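Keep the sequence and the 3D view at hand while reading.

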Amino acid sequence: MAARYTLIVGTKEWSSWSLRPYLALRAARAVFLEVVVQLRQQPLTGDAIKRFSKAGRVPVLQIEEDGREVTVWDSLAICETLAERHPDAKLWPDDPLVRAEARSYAAEMHSGFPDVRDQLSMDFVRRHPLPELREATQAQIARITEAWSSALERFGAQGGFLFGRFSIADCMYAPVASRFVTYGVAVPAPVKAYMDRVMALPAMREWGDAAQIEVDQGQA
């Protein structure tokens, strides 16, 4: 029996962490059910999420296979699980050394850039003026654009993404690309072209369509 996936995500206009495994699932061409938990409705949101994971955060991936069920939480853990379960999707670079660097990119995003998260929160389809940025936020934006530029210069010609073909590194940074678009962050031309490619992905467009419905219906 084929595995049955259910991805539990938060409000798409806001949930950057949920977007990441959604993109990985789409890249793996995996069939999955989706459950959306409305965020910013405390305490109802927390109670709703805990129905799926005691960690109390989205995203959550439920896997049913061969009579067994497992719950995987945390964006990067879900992406790693999908890479392992769908090797044909090649969600990491083939070369071990390049793969190690791509994992470092993903992990840096996973654990870093708190000021970018704070000052440039994700509003996927809305557009906002750029706020007055703290020095820490400016430094983190500079680090992100430098990292993107470095990867694109060395590997981008092989597919247009950070490490050539689309990978988990791109999944992890896709919400940042959307934030930079939302707030009109100025970036170098090669980085802008990369952001355009990310935003044009069919899965990103699907996510944006759903986010627009949330906004139109007053859910976000």
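At what angle do α1 and helix α9 pack, and how far apart are their axes?

## Basis

This is a predicted model, in which local features need pLDDT of at least 70 and side-chain atom pairs count only at pLDDT 80 or more, while totals for chains, interfaces and linings use all residues. Residues are numbered from 1 along each chain as its sequence is written, and side-chain values use heavy atoms, with hydrogens and water left out.

## Helix against helix

Helix α1 and helix α9 (residues 202-216) pack at about 135 degrees, their axes 9 Å apart. Axes are lines fitted to C-alpha atoms, for helices over the stretch in contact, and angles run from 0 to 180 degrees between N-to-C directions. This angle makes α1 oblique to α9, because angles under 35 degrees count as roughly parallel, over 145 as roughly antiparallel, 65 to 115 as roughly perpendicular and the rest as oblique.

On the α1 side, the contact (heavy atoms within 4.5 Å) is made by Ser18, Leu19, Tyr22, Leu23 and Arg26. Ala203, Met204, Glu206 and Trp207 contribute from α9.

## The sheet

Four strands form an open sheet in the order β2-β1-β3-β4, with mixed pairing. Strands (E, at least two residues) and helices (H or I, at least four) are DSSP runs, numbered from the N terminus; two strands pair if DSSP finds at least two bridges between them. The edge strands, β2 (32-37) and β4 (68-73), each pair on one side only.

Strand β1 (residues 4-10) pairs with β2 in the parallel sense over 6 bridges. Leu7 stands opposite Glu34 in β2. Helix α1 (residues 16-27) packs on this sheet and touches β1, β2 and β3 (60-65).
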